[in-house]
Amino acid sequence: MKKLINTPENYVDEVLAGMQAAHPETYRIGGATGRMLHRPAPVPEKVGVVSGGGFGHIPVFAGYVGDGLLDACAVGDVFASPDMNPMLESIQFADQGRGVLCVVGNYGGDRMNFDMACEMAEMDDIEARKVIVADDVAAAGPDEAEKRRGVAGFVFVTKIAGAAAAQGKTLDDVVAVTQRAADNVRSVGVALSSCTVPQAGKPTFEIADDEMEIGMGIHGEPGVRRGKLRPVDEITDEMIDMLLADKPVEAGGRIAVLINGLGATPIEELYLVFRQAKARLESAGAVIAMHLVGNYATSMEMAGASISVLHLDEELETLLTAPANCPFWKV
Amino acid sequence: MGISKNTLKLAIEKIAEKIDPIGDEMNRLDGQLGDGDLGVTLVNGFRNLQGIKDDLPDDLGRALFAMAKSVTAVSGSSFGTLLATALMAAGKQVKDQSNVAWSELPGMLQAAQDAMVARGGASLGDKTMLDMMDSLISALSGLQTPAEMLPAAKTAAEQTLDSFRDQPNKIGRARVYAEKSIGLDDPGMMAIARMIDCFETP
């Protein structure tokens, strides 16, 4: 393991401290165990929007605390769900009497703990609801879409939730439009090398120097196909094919595209992916209303990339392009 | 006298007194089936509960929720999560009440069991703590006092362990060891049985 860290045990807490030190105007550490990142103050008179999940994916999840995004976020250990308590603290922080939406990646621990946090919040007369992000088409077929993992599509879904809340919508409306975003986002990734969980000290999985794995999850969950590394245009084609097979674009259909780096892949290579993805999506008839190229959902030093496509309607596009600001993304 | 926050406090104290040896035993048992964190969860969970037992709210529902919260703060183990789930479900049954008749205990356990089924995905007969809960609910239904309930619970717990010992585990990590689990007591079941034993008056 070769990392710029002090001790594995303190990794998460020290990174959070660094984030707060760098961006005190946006991030504050809170909660009994210091595992909640929240805005300096809750925003009055709006529905709260929170999330939470394992660490090691910055900016996902806690990095998206900011204007027009998350009000607060629970932080777990690397690749491990937070327990229910920081989730409840996040809900309590964000609640301004109009209820709270929890945007949750489709992982067992995250879901279960958010379920409990929402029940706990109910005891305090806070209405807390969940929208599950399950966008990874490689994780399960369309007939088992509820088993798909949540990956980089989280970024779009969170943006929609934050914007809807900022517009003053009711909890019902925020939940409905956020659910629609979750239903209309698809992602797929390719991994070229593993990451190392600090407390594990060893790479999460083995992969040969000349191999790639299409569809691998952001914690190294098995993908759909492992094979020899090929030119980026061919890899991009394979991923676009998977995305379009799962949810085709209509002629003139407006979409948002995220070319996401997993951590160790240079931005240059992400532009190569975008170049080919744009050509393919446009030749399929899509109109790209928004695109992002960069590291938006990472797995520490994992090399590789993912492509996410959000199929837009008028309201989703308005919300997606509404102002938002966090240290990792400004709209 | 029914069930109040003082009953919960007493229960925490009684179990916490013996939780270290119980934890060791559960770790041994659980370790044979490949997981091995049940004992740790119990020991840490009751250490946390000891920390809050003197500050439980009067509202029994809120008191049980506070216990759930404290249990979840110790670990992400599935047993801890299920225990918290059970406490919350029982708590919902008695929200806004500070004293509940003992005859309501089976109903609280039933709510706890239903919530654990919904969250954990196990079914009756899978050889999990649900089967233990089920026997306890049957054994305690219709009884009015803790004096009647304790011996009934003990007998039911022993019978349940006996009747499931030679069956395979059908869910969770132990399922992988289904064959191996034959002849072994399920750690979750055993944990409940041992906790009941803690209430024996010396």
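G76(A) is buried in this predicted model, with 24 other C-beta atoms within 10 Å. Buried here takes 20 or more other C-beta atoms within 10 Å of a residue's own, exposed takes 12 or fewer, partly exposed is in between, and the C-beta atoms are placed from the backbone. As the model is predicted, local features need pLDDT of at least 70 and side-chain atom pairs count only at pLDDT 80 or more, while totals for chains, interfaces and linings use all residues. Residues are numbered from 1 along each chain as its sequence is written, and chains are lettered from A and ligands numbered from 1 in the order in which they are written.

**Spots along chain A**

Back to G76(A): look for this glycine in strand β4 (residues 72–78) of chain A. Helices (H or I, at least four residues) and strands (E, at least two) are DSSP runs, numbered from the N terminus. Leaving aside residues up to four places away in sequence, G76(A) touches G53(A), G54(A), F55(A), S81(A) and P82(A). Contact means that the C-beta atoms of two residues, placed from the backbone, lie within 7 Å. V65(A) is eleven residues from G76(A) in sequence and 15 Å from it in space, C-alpha to C-alpha.

A191(A) sits in strand β7 (residues 185–193) of chain A. A191(A) is buried too, with 29 other C-beta atoms within 10 Å. With residues up to four places away in sequence left out, its contacts are I207(A), M212(A), E213(A), M216(A), L262(A), M302(A) and G304(A). R39(A), by contrast, is 33 Å away from A191(A), C-alpha to C-alpha, and 152 residues away in sequence.

E146(A) belongs to the loop between β6 (128–133) and α4 of chain A. That helix, α4(A) (residues 153–166), has 14 residues and reaches 20 Å from first C-alpha to last, close to the 20 Å expected at 1.5 Å a residue. The expected span is 1.5 Å times one less than the number of residues. α4(A) is mostly covered, with 14 of its 14 residues buried. Just past α4(A), G168(A) takes a positive phi of about 85°.

Most residues other than glycine have a negative phi, and most peptide bonds are trans.

| Where | Feature | Value |
|---|---|---|
| I58(A)–P59(A) | cis peptide bond | omega about 10° |
| V60(A)–F61(A) | cis peptide bond | omega about 0° |
| E45(A) | positive phi, not glycine | phi near 60° |
| F79(A) | positive phi, not glycine | phi near 55° |

P59(A) is in the loop between β3 (48–55) and β4 of chain A, and F61(A) lies in the loop between β3 and β4 as well. E45(A) falls in the loop between β2 (36–38) and β3 of chain A and is exposed, with 8 other C-beta atoms within 10 Å. F79(A) is in the loop between β4 and α2 (84–94) of chain A, but F79(A) is buried, with 21 other C-beta atoms within 10 Å.

**Helices of chain B**

Now for chain B. The axes of α5(B) (residues 105–120) and α6(B) (residues 129–140) come within 9 Å and cross at roughly 160°. Axes are lines fitted to C-alpha atoms, for helices over the stretch in contact, and angles run from 0 to 180 degrees between N-to-C directions. α5(B) and α6(B) are therefore roughly antiparallel to each other. Angles under 35 degrees count as roughly parallel, over 145 as roughly antiparallel, 65 to 115 as roughly perpendicular and the rest as oblique.

The axes of α2(B) and α4(B) come within 8 Å and cross at roughly 45°, so these two helices are oblique to each other. L38(B), T41(B) and G45(B) of α2(B) make the contact with F79(B), G80(B) and L83(B) of α4(B).

α2(B) (residues 38–52) has 15 residues that should span 21 Å at 1.5 Å a residue, and its end C-alpha atoms are 21 Å apart, which agrees. Buried residues of α2(B) include L38(B), T41(B), G45(B) and F46(B). The buried residues of α2(B) pack against α1 (5–32), α3 (60–72), α4 (78–93) and α10 (187–197) of chain B.

**Between the chains**

The contact between the chains takes eleven residues from chain B and twelve from chain A. On the side of chain B that touches chain A, α3 and α4 of chain B are the elements that give two or more residues.
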